[in-house]
Amino acid sequence: MKAMNELRLTFPSRSANEGFARAAVAAFVAQLDPAVDELADLRTAVSEAVTNAIVHAYPNELGPVTLTVRLYENGRVCLQVRDRGRGIEDVEKAMEPLFTTGGEERSGLGFSVMQSFTDRVRVRSTPGKGTTVTMDKYIALRVKGQR
Amino acid sequence: MQVNLTREGDTLIAAISGELDHHTAAAMRQQIDTAALSCRCRVLRLDFSALTFMDSSGIGLIMGRYRLMQSMGGCVQLQGVSGRLERMIRLAGLDKLPIWNTQEGKE
């Protein structure tokens, strides 16, 4: 199915952009008329993915983070967060709940939250080249034929 | 993002408002820890009722404060926990810790 609308943003991996990414996703997805909870789930999921890119992909430097949001007629929202950072050696390990390389103040819950708050999470990563996290969430269509 | 710190007897109450993410957590952490270390209270109560957003950085913040209070022989209580925050607390397994404010709901 072809996306009916698409947003693509690229910003440097500054932590101030975590809030910006959430706000951008919320504003763009608003056209699907999501419920408050659905929108909060999407904001949380994108916050986790963007924070991962900022903390882990570029630990000692700034680099580009690209956020793509695609909206589909059946209510599917596809969120993609891509970086060109150091990549993940062992994706399976990185996705284990509570596993973190981020130090004491990181909970290691990022991927668990993404999985819990969206319908599907895929992670593609190449060490030295970067990581792409793709999440799908289906928004309940409240008014048929109005999309 | 703002942390309002008040003291009630042996309890330090940190009321967090605004958005709690990786970007804002560092400053919040510093404010709370400075107050906790100087007042030497037995209980640190984190009040989330005025939060408008929180991701898993908040779980990291709770875990870090739990460790700090434990190291001083104290404890952490949570107040104003939303449904979404509770989901994350359960994902982290923190629901097994004695961190719920037992006074909540009785007031």
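Tutor: Let's start with a charge and a ring: the charged end of A:Arg76 sits over the ring of A:Tyr72, 4.3 Å from its centre. "Over" is a geometric call here: NZ of Lys or CZ of Arg has to be within 6 Å of the ring centre and within 35 degrees of the ring normal. Bear in mind that this is a predicted model, where local features need pLDDT of at least 70 and side-chain atom pairs count only at pLDDT 80 or more, while totals for chains, interfaces and linings use all residues. Residues are numbered from 1 along each chain as its sequence is written, chains are lettered from A and ligands numbered from 1 in the order in which they are written, and side-chain values use heavy atoms, with hydrogens and water left out.

Now to the interface. The charged end of B:Arg87 sits over the ring of A:Phe117, 4.0 Å from its centre. B:Arg87 also forms a salt bridge with A:Asp41, with the closest N and O atoms 3.8 Å apart; the rule asks for a side-chain nitrogen of Lys or Arg within 4 Å of a carboxyl oxygen of Asp or Glu. Across the interface of chain A and chain B, that rule finds 5 salt bridges. On chain A, the elements that give two or more residues to the side touching chain B are helix H1 (17-29), helix H2 (36-57) and helix H4 (110-117), helices being DSSP runs of H or I with at least four residues, numbered from the N terminus. H2(A) gives the largest share of that side, 10 residues.

As for totals, the contact (heavy atoms within 4.5 Å) takes 26 residues from chain A and 23 residues from chain B. The buried area between the two chains is about 2,000 Å², and carbon and sulfur atoms give 49% of that; this is the accessible area (1.4 Å probe) that two parts lose on being put together, summed over both.

Back to rings: the structure holds 1 aromatic pair over all chains. The rings of A:Phe11 and A:Phe20 have centres 6.1 Å apart and planes at 90°, so the pair is edge-to-face. Pairing needs centres within 6.5 Å, and planes under 30 degrees apart count as stacked, over 60 as edge-to-face and the rest as tilted. A:Phe11 counts as buried at 5% relative accessibility, whereas A:Phe20, at 39%, counts as partly exposed; buried means under 20% relative accessible area, exposed over 50%, and partly exposed in between (1.4 Å probe, protein chains only).

Definitions and conventions
Rings of Phe, Tyr and Trp (its six-membered ring) pair if their centres lie within 6.5 Å; planes under 30 degrees apart count as stacked, over 60 as edge-to-face and the rest as tilted.
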